[in-house]
Amino acid sequence: MNVNPGVQAYTNLVIDETAKPKNTIKKAGLLSRDKNTSTATEEMEPIDVVREYVTAIRRKRNSMKNG
Amino acid sequence: MANPPPLQAAIPGQSMTDPVGGRPWQTPPQYATVKDALDFYIPRMTSDGLYEGLLDNMELGIPLTIMADSMQSAGVLQGKHTLDVGILIMPVLIEMLAYLGDEAGVKYTMGTEKPIDDDKISSTRVALAMKSMRSKLPKALEEKEDGIIPEEPEMMSEEPEMIEDKPQPSGLMARKV
């Protein structure tokens with residue numbers, strides 16, 4: 001068993017590969033504000049930032065494998 | 001010629017004789033957050049200088065976990081980020097290495113596989129158990145066991161037939177044998 005904490009973090013990272021990335025919702029009104037439903041990276045916990053990166057890279061890997 | 005001194009390594013504790021802040025890892029990190037550290041690593045991994053070396057190491061069979069660990073350890077030593085940020089970014093580094101390997105079509109080992117099967121007993125352990133059992137057995141029993149073992153029958157060896165070279169008749173009308 002690998003005892004490296006980084007490797008353990010990698011193996012225990014729960015990733016939902018089917019989830020789609022959130023997009024910003026833009027309202028059509030002239031004076032309406034753009035609302036961003038996804039949280040800003042600065043406000044996220046480090047593990048969430050890592051999960052976001054890993055999910056994005058894995059999605060790219062899977063799309064490359066599946067053609 | 002005089003023999004070299006037996007111990008040429010650093011004296012234990014020598015690393016602590018440097019003034020505090022004299023080493024890169026004792027100074028404030030260059031990249032304090034996970035995001036900053038990743039913004040430093042990811043473009044570097046795809047740069048010309050590092051990319052080829054990473055693929056070479058993958059082909060040599062070095063696990064991606066070891067490669068990622070080495071990269072982040074080097075970053076800590078250079079004072080790029082702290083050790084905890086290094087550990088946190090390791091999953092991203094491993095995934096990125098896997099992506100680069102897939103993209104280049106290189107076969108690689110992740111390093112997260114479980115190599116040891118718990119149910120399987122190694123041959124070394126079996127040999128050790130046999131040895132300890134033999135030492136516990138009474139001598140008489142051992143002698144009896146030795147008596148039971150049949151002697152191997154000697155194999156009958158057959159000598160190959162010697163083919164004699166007969167002189168060939170050399171006459172014009174002579175038959176060929």
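1. A residue is called buried here if 20 or more other C-beta atoms lie within 10 Å of its own, exposed if 12 or fewer, and partly exposed in between, with C-beta atoms placed from the backbone. In helix 3 of chain B, the residues B:L64, B:T65, B:A68, B:D69, B:Q72 and B:G75 are buried. Helices (H or I, at least four residues) and strands (E, at least two) are DSSP runs, numbered from the N terminus.

2. This is a predicted model, in which local features need pLDDT of at least 70 and side-chain atom pairs count only at pLDDT 80 or more, while totals for chains, interfaces and linings use all residues. Residues are numbered from 1 along each chain as its sequence is written, and chains are lettered from A and ligands numbered from 1 in the order in which they are written. The scores are ipTM 0.74 and pTM 0.64. Chain B has an average pLDDT (the predictor's confidence in each residue, from 0 to 100) of 83, and 77% of its residues score at least 70.

3. Chain A contains two helices and zero strands; 10% of its 67 residues count as buried. Chain B has six helices and zero strands, and 18% of its 177 residues are buried. Two residues are in contact if their C-beta atoms, placed from the backbone, lie within 7 Å. Among contacts in chain B with a separation of 6 or more, 70% join residues 24 or more positions apart.

4. Between the chains, 21 residues of chain B are in contact with 21 residues of chain A. On the chain B side, helix 1 (34-45), helix 3 (64-77) and helix 4 (83-104) each supply at least two residues. Helix 4 of chain B gives the largest share, 13 residues. By class, this side of chain B has 13 nonpolar, three polar and five charged residues. Ala, Val, Leu, Ile, Met, Phe, Trp, Tyr, Cys and Pro count as nonpolar, Asp, Glu, Lys and Arg as charged, and the others, Gly among them, as polar.

5. Helix 2 (residues 46-65) of chain A packs on helix 1 of chain B at an angle of about 30°, the axes being 10 Å apart. Axes are lines fitted to C-alpha atoms, for helices over the stretch in contact, and angles run from 0 to 180 degrees between N-to-C directions. The residues making the contact are A:P46, A:V49, A:V50 and A:Y53 on one helix, and B:V34, B:K35 and B:L38 on the other.

6. Which residues of helix 2 of chain A are buried? They are A:V50, A:Y53, A:V54 and A:I57. Seen down the axis of helix 2 of chain A, these fall within an arc of 95°, so they line one face of the helix; the arc is that of the directions from the helix axis to the C-beta atoms. They pack against helix 1 and helix 4 of chain B. On the other side of helix 2 of chain A, A:N62 and A:S63 are exposed.

7. To return to helix 3 of chain B, its buried residues fall within an arc of 130° down the axis, so they too line one face of the helix. Their cover includes helix 1 (5-11) of chain A together with helix 4 of chain B. The face turned away from the buried side carries the exposed residues B:S73, B:A74 and B:L77. After helix 3 of chain B comes B:G79, with a positive phi near 75°.
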